[in-house]
Amino acid sequence: MNSNQQRVLESAILVGVTRAGEEPWETRDALNELELLADTAGAHVTDRVTQTLPKLNAATYIGKGKVEDLRRLVAARKSDLVIFDDDLSPVQARNLERALKCKLVDRSALILDIFASRAKTAVAKTQVELAQLDYLRTRLTRQWTHLSRQKGGIGTKGPGETQIETDRRMIGHRIATLKRRLEQIDRQRTTQRKSRAAFTRVSLVGYTNAGKSTLMNALADTDVLAEDRLFATLDATTRMIRIAANKQMLLSDTVGFIRKLPHKLIESFKSTLDEVRESDVLLHVVDATHPRFEDQVRVVHETLKELGALDKPMLMVFNKIDALEEHGLLGALREEYPDTAFVSALRGIGLGELRRKLIDVVERDFEEHLAYVPLAEAGAVAYIRRVADVISEEYMYAQNGDAAAQPEAVARLHFRVAPRHYRDLRPTLEKFAHLKPIPEESAHGQRSQTA
Ligand SMILES: Nc1nc2c(ncn2[C@@H]2O[C@H](COP(=O)(O)OP(=O)(O)OP(=O)(O)O)[C@@H](O)[C@H]2O)c(=O)[nH]1
Ligand SMILES: [Mg+2]
């Protein structure tokens, strides 16, 4: 059951402004997305109001005449809600609310509302509540500043301020509690993530609704909720995937990005997004059927930059090609984006190519090493097989230089591996650095075998 079925649909009007240097189609696109967000939040959009404004109105955001048009429309439609594509200042919000006599929501509040209704896990709920309170607190603060400026001097310490002060204090307490809870969750997750260090870690990133969860399900054979709603996923799920015969990786699916994602939200989703930050490689899933997918790619890059994860090796994955094929657009796209994997996560098309390209990206910064590891050290051998590209593996006998000691059965491993994994392995491998293979003829008839 989705959130719409649980709520009564509210009727809403969207408002967008084309500012200096912007084109009307940009506002149109922005409002298309805002309508999707509104729909996800459980609103039914009846109208759109747009205005081209070189300079925003400090008091009401849109122009005076437009406010009056909007007021009439709200009255005629009996709207519950007016949604602005941009964030309003508290002053603008209050003036507009007074003029329009209906509930007002800006983009950030709408996104926060969706996150709140979609949060299922305790972690996601805590993270969303923190972002909401932060949002509320800044508004109260600004409103309070405004009030004191308006009245000034004596008399400012009226009941209004006391109330706001009390609210602020309560919010402050709650924020502190939530932050403590998140720190605790963070510690648990850090331990959990450390245990994943001995694997190659891949994270799915991308614009919301691109098909990340669907791809996760296709690659990992899991059942993560995927649906045609924005922000279906709000927490991180990690699964083991088999990428080649004996190559396994950890794949994580997490929250999607969107244009103007409130900064507070990114901040409070730190613990969920750490998964992305700590990945070896990112799979950037793009909805290739979206008319403005290039803008979405740009937004994802900007968000990754904000997370400090833009420098990670990344493979672009154009998804939903099943829907593209119908329009004959696939060929041109393939030519334009040669280093990209083209898949249909839903139909399971192109997954082989995706796996091969993923291996290429994962192994791009691999370095070559040679090591003799006693077969008795099963853990180290398994570690190398799991994370490295093994060029050759042979079995033989080796001795530690002490002629009296028994020769040991060892694996001679020639492999390529990521620098961070080699750093992990080195202390173990150094213990065996003194092992010298025994020439075959002197190995007392014990022949070595080639794998
Ligand atoms: N035609 C088509 N639709 C797809 C494909 N992959 C995913 N979809 C649809 O796209 C919608 C979004 O898919 P999800 O996997 O939930 O997308 P997501 O990126 O995880 O979205 P969020 O978690 O909301 O950020 C769903 O309706 C999917 O069925 C595909 O290959 N082809
Ligand atoms: Mg998802």
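Colleague: Which residue of strand 8 is the bridge partner of Gly 206?
Modeller: This is a predicted model, in which local features need pLDDT of at least 70 and side-chain atom pairs count only at pLDDT 80 or more, while totals for chains, interfaces and linings use all residues. Residues are numbered from 1 along each chain as its sequence is written, and chains are lettered from A and ligands numbered from 1 in the order in which they are written. Strands are DSSP runs of E with at least two residues and helices are runs of H or I with at least four, each numbered from the N terminus; two strands pair if DSSP finds at least two bridges between them. Strand 5 and strand 8 pair in the parallel sense over five bridges; Leu 204 has Leu 283 as its bridge partner in strand 8, and the partner of Gly 206 is Val 285.

Colleague: Which residue of strand 7 does Arg 201 stand opposite?
Modeller: Strand 7 comprises residues 247-253, and its pairing with strand 5 is parallel, over five bridges. In that strand, the residue opposite Arg 201 is Leu 250.

Colleague: Which are the edge strands of the open sheet?
Modeller: The sheet is formed by six strands in the order 6-7-5-8-9-10, with mixed pairing. Pairing on one side only is what marks the edge strands, and these are strand 6 and strand 10.

Colleague: How many residues of strand 5 are buried?
Modeller: A residue is buried if 20 or more other C-beta atoms lie within 10 Å of its own, exposed if 12 or fewer do, and partly exposed in between, with C-beta atoms placed from the backbone. Thr 200, Val 202, Leu 204 and Gly 206 point one way from strand 5, whereas Arg 201, Ser 203 and Val 205 point the other way, and all are buried. Strand 5 is therefore largely enclosed by the rest of the structure, its buried residues numbering seven of the seven.

Colleague: Within what arc do the buried residues of helix 14 fall, seen down its axis?
Modeller: The buried residues of helix 14 (residues 351-362) are Leu 354, Leu 358 and Val 362. They line one face of the helix, because the arc, taken over the directions from the helix axis to the C-beta atoms, is 65 degrees.

Colleague: Which exposed residues does helix 14 carry on the face turned away from its buried side?
Modeller: On the buried side, helix 14 packs against strand 5, strand 6, strand 8, strand 9 and strand 10, where contact means C-beta atoms, placed from the backbone, within 7 Å. The face turned away from that side carries Gly 352, Arg 356 and Asp 360.

Colleague: Which helix gives the most residues to the shell around ligand 1?
Modeller: Of the 23 residues around ligand 1, those that come nearest are Gly 211, Ala 226, Asp 228, Thr 233 and Gly 256, a residue being near if its C-beta atom, placed from the backbone, lies within 6 Å. Helix 8 (212-220) and helix 12 (321-325) each supply at least two residues of this shell. With three residues, the helix that gives the most is helix 8.

Colleague: How far apart in space are Ser 213 and Val 285, C-alpha to C-alpha?
Modeller: Ser 213 has its place in helix 8 and counts as buried, with 24 C-beta neighbours inside 10 Å. Not counting residues up to four places away in sequence, Ser 213 touches several residues, among them Ala 226 and Thr 233, which are also among those nearest to ligand 1. Although 72 residues separate Ser 213 from Val 285 in sequence, the distance in space is 9.9 Å.

Colleague: Is Lys 120 buried or exposed?
Modeller: Lys 120 lies in the loop between helix 5 (107-118) and helix 6 (122-151), and its C-alpha is 8.5 Å from that of Asp 235, a residue 115 places away in sequence. With 11 other C-beta atoms within 10 Å, Lys 120 is exposed.

Colleague: How many of the 12 residues of helix 5 are buried?
Modeller: Among the buried residues of helix 5 are Leu 110, Ile 111, Phe 115 and Arg 118. Helix 5 is largely enclosed by the rest of the structure, because its buried residues number 10 of the 12.

Colleague: What percentage of the residues in the chain is buried?
Modeller: The chain has 16 helices and 15 strands. Across its 451 residues, the buried part makes up 33%.

How values were computed
Expected span 1.5 Å × (residues − 1). Contact = placed C-beta atoms within 7 Å.
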